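Here are a few notes to read alongside the model, written for someone opening it for the first time. Please keep the 3D view at hand as you go through them.

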Amino acid sequence: MEGVTVLVIEDEIDLRDAIVSFLNLEDAFAVGVGNLQDAQKWLTKNSPDVVVLDLNLDGDDGMEWLRSNPFSDDVSVIIASARGEVIDRVQGFKLGIDSYLIKPIALEELVAIILNLQHKKQTLLPSIEQAEWTLNTLDWSLKNKHFSEPVKLTKLEEMVVNRLAIMPGQAVSKKELIIALNKKEDSYDLRSLEVLIRRLRQKIEPLSGDRTKPIKTIHSIGYSFIEPIKII
């Protein structure tokens with residue numbers, strides 16, 4: 001696992017130390033934090049390859065944090081939790097996690113999962129490089145590889161595309177998009193989201209050639225970015 005950076009978010013000190021030590025013995029670069037606040041601070045200056053996340057963190061809910069802070073496709077997320085209910089596992093996979101381990105976990109299994117995920121990433125690199133679209137999160141622009149000039153997005157449009165780009169080809173519910181916009185579902189008018197999507201489609205239509213591509217409406221669910229896209 002040489003060169004693999006792993007962030008371990010676990011408030012049980014003994015378990016956290018055991019995971020970090022074991023991963024470092026496997027030649028990873030593992031860092032452990034005990035709460036989400038420290039995780040946020042670390043993430044402002046560092047980019048992990050893998051995040052190992054506990055769900056019950058001294059009063060904080062790791063699942064809600066993950067929902068509000070989705071990672072890009074190049075970061076693998078592994079949940080390691082005592083919460084083993086089906087609803088939790090399903091919710092985690094809907095948020096894009098790569099694996100769900102129920103405590104007590106076997107450290108050898110964790111290593112095997114990380115190695116497998118890294119291997120899959122390497123095999124996917126060529127397709128990522130051939131992505132039709134590129135979302136630039138620094139200048140809020142969306143570019144099609146067949147056109148020299150990108151399209152400038154508003155912040156809200158960038159937030160929508162970013163959430164869709166995390167799971168290209170998969171349906172993202174309207175609720176998840178509302179959360180990505182930092183809005184409250186019970187007070188947010190769905191028509192505002194529909195208007196936002198419509199304006200976004202119109203803006204990128206000159207690059208896509210078709211108003212329904214690359215953003216597709218998934219009936220009774222939400223929307224999907226159906227063409228290959230990478231986030232930079």
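1. **Ground rules.** This is a predicted model, in which local features need pLDDT of at least 70, side-chain atom pairs count only at pLDDT 80 or more, and totals for chains, interfaces and linings use all residues. Residues are numbered from 1 along each chain as its sequence is written, and side-chain values use heavy atoms, with hydrogens and water left out.

2. **The strands.** Strands β8 (residues 133-136) and β9 (residues 141-144) run antiparallel and are joined by four bridges; strands here are DSSP E runs of at least two residues, helices H or I runs of at least four, both numbered from the N terminus. Two strands pair if DSSP finds at least two bridges between them. Leu-135 has Leu-142 in β9 as its bridge partner. Four residues lie between the strands of this hairpin, where Trp-140 takes a positive phi near 55°.

3. **On to β10.** A six-residue hairpin links β9 to β10. β10 (residues 151-152) runs antiparallel to β9, with two bridges between them; Ser-141 has Lys-152 as its bridge partner in β10.

4. **Thr-137.** Look for Thr-137 in the loop between β8 and β9. With a relative accessible area of 28%, Thr-137 is partly exposed (buried is under 20%, exposed over 50%, partly exposed in between, using a 1.4 Å probe and protein chains only). A polar atom of its side chain lies 2.9 Å from the backbone oxygen of Ile-232. Leaving out residues up to four places away in sequence, Thr-137 touches Glu-158, Asn-162, Ile-231 and Ile-232, where contact means heavy atoms within 4.5 Å.

5. **Glu-157.** Is Glu-157 buried or exposed? Glu-157 is buried, with a relative accessible area of 4%, and belongs to helix α6 (residues 155-166). Its side chain makes a polar contact with that of Lys-203 at 2.8 Å (N or O atoms within 3.5 Å, one able to donate a hydrogen and the other to accept it; residues adjacent in sequence count only if both atoms are side-chain atoms).

6. **A pocket.** The second largest pocket holds about 790 Å³ of space. Its lining has 26 residues, with Asn-69, Pro-70, Phe-71, Ser-72 and Asn-162 nearest the centre. On a 1 Å grid over the protein atoms alone, a pocket is an open set of points, where a 1.4 Å probe fits, with protein on both sides within 12 Å along at least five of seven lines; lining residues have an atom within 4 Å of a point. Helix α6 gives the largest share of this lining, five residues.

Terms used
Grid points are joined across faces, edges and corners, and a volume is the space filled by probe spheres set on the points.
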